[in-house]
Amino acid sequence: MKPFLQTVRDLCFPPRCVGCGDRLPPSVGMKKAPFFCPVCAPLWEQSLLSQCPDCFAAYCDCRCQPKIMERAGSLGLIKLAPYTDAGEHATVRRAVYGMKRSPRSRTFNCCAEELAPALCRTVEKQNEKTPISHTVITYLPRSRKSVRRYGFDQARELAKCLSRLTDYPCLSLLKRVKDGTEQKTLTVKERQSNLKGAFRAVNSAEGCRVILVDDLVTTGAGMAEGVRVLRKNGAAEVLSVSVAVTPKKYSRETLAKFS
Ligand SMILES: [Zn+2]
Ligand SMILES: [Zn+2]
């Protein structure tokens, strides 16, 4: 975009920081406006590089996942950062929150741009098992109640963004057929039975590598159920992707706080 047009656009629609929502200074001369303000940018980077408590790699490099997802057949979870109430991760929390509120949020692009290279690297490594051409992206459908309330599905928006950046086609493979009761106060086991039968396969994924996308993984019970249905429906392998994951401390209080 020409610098003049970019300045006009920035003046009419000033881009806001994905982390704190503050207006960003005009991005004249830059290819596009940055996602973060100078305060949030280093905090975001710090969260991406924070260490996974299981494998000690940076969150953005590790593929650890809740056991429940592993048992369901997920190959691993690609994510960017931990989702906790610790002050240093406030930027991540706000970014995840931003995705729930608006389908136009720049958070989708911001997170997809970080996730896409990690996703492509992982897929390329597994090329021998399932060819890259058999890779499709899908998402874990949000509860119908939430879709009615907000008017969109944030997991679908994130999946579409990832599809644009990776060229893996985005398909709706799962349909939400049951909302279950409010999850906030449920333990992992309770969530698991609450979500049993929540999804139905609506398109065939026979022989495909399926990338299952959600914005946030808390216990992994929802993703595990999605993985199970996809596998049952013929998916050769399922790789999970989320922006953030709550570290393991699944007491009732913690789950309520992060849901
Ligand atoms: Zn900011
Ligand atoms: Zn790890």
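Student: Is F56 buried or exposed, and how many other C-beta atoms lie within 10 Å?

Tutor: F56 is exposed, because 8 other C-beta atoms lie within 10 Å. The count runs over C-beta atoms placed from the backbone: 20 or more others within 10 Å make a residue buried, 12 or fewer make it exposed, and values in between make it partly exposed. The model is predicted, so local features need pLDDT of at least 70 and side-chain atom pairs pLDDT 80 or more, whereas totals for chains, interfaces and linings use all residues. Residues are numbered from 1 along each chain as its sequence is written, and chains are lettered from A and ligands numbered from 1 in the order in which they are written.

Student: What is the phi of F56, and where does the residue lie?

Tutor: Most residues other than glycine have a negative phi. F56, however, has a phi near 65 degrees, a positive value in a residue other than glycine, and lies in the loop between α2 and α3. D167 likewise has a positive phi, about 70 degrees, and is not a glycine. It belongs to the loop between α7 (154–166) and β4 (174–176) and is exposed, with 11 other C-beta atoms within 10 Å.

Student: How many helices and strands does the protein chain have?

Tutor: Elements are DSSP runs numbered from the N terminus, with helices (H or I) of at least four residues and strands (E) of at least two. The chain comes to 10 helices and 7 strands. Of its 259 residues, 39% count as buried.

Student: Which residues of α2 are buried?

Tutor: An α-helix has 3.6 residues a turn, so residues three or four places apart point the same way. In α2 (residues 40–49), the buried residues are C40, L43, W44 and S47. They lie on the same side of α2, because they cover an arc of only 100 degrees around the axis, taken from the directions from the helix axis to the C-beta atoms. Their cover includes β2 (81–82) and α4 (90–101).

Student: At what angle do the axes of α4 and α5 cross?

Tutor: Two packed helices are described by the angle between their axes and the distance between the axes. The axes of α4 and α5 (residues 107–125) come within 9 Å and cross at roughly 125 degrees, which makes α4 oblique to α5. On this scale, angles under 35 degrees are roughly parallel, over 145 roughly antiparallel, 65 to 115 roughly perpendicular, and the rest oblique. A95, G98 and M99 of α4 make the contact with T107, F108, C110 and C111 of α5; a contact requires C-beta atoms, placed from the backbone, within 7 Å.

Student: Where is S105, and which residues does it contact beyond its neighbours within four places in sequence?

Tutor: S105 is in the loop between α4 and α5, and its contacts, with those neighbours left aside, are G98 and M99. S105 is partly exposed, with 19 other C-beta atoms within 10 Å.

Student: Which residues of the largest nonpolar core touch the most other members?

Tutor: In soluble globular proteins, nonpolar side chains tend to be buried together. A nonpolar core is a set of buried Ala, Val, Leu, Ile, Met, Phe, Trp, Tyr and Cys residues joined through C-beta atoms within 7 Å. The largest one has 63 residues, of which L158, L162, L212 and V213 touch the most other members. Its largest share, 7 residues, comes from α5. Not counting residues up to four places away in sequence, V213 touches I137, Y139, A155, L158, A159, L162 and V241.

Conventions. Two residues are in contact if their C-beta atoms, placed from the backbone, lie within 7 Å. Axes are lines fitted to C-alpha atoms, for helices over the stretch in contact, and angles run from 0 to 180 degrees between N-to-C directions.
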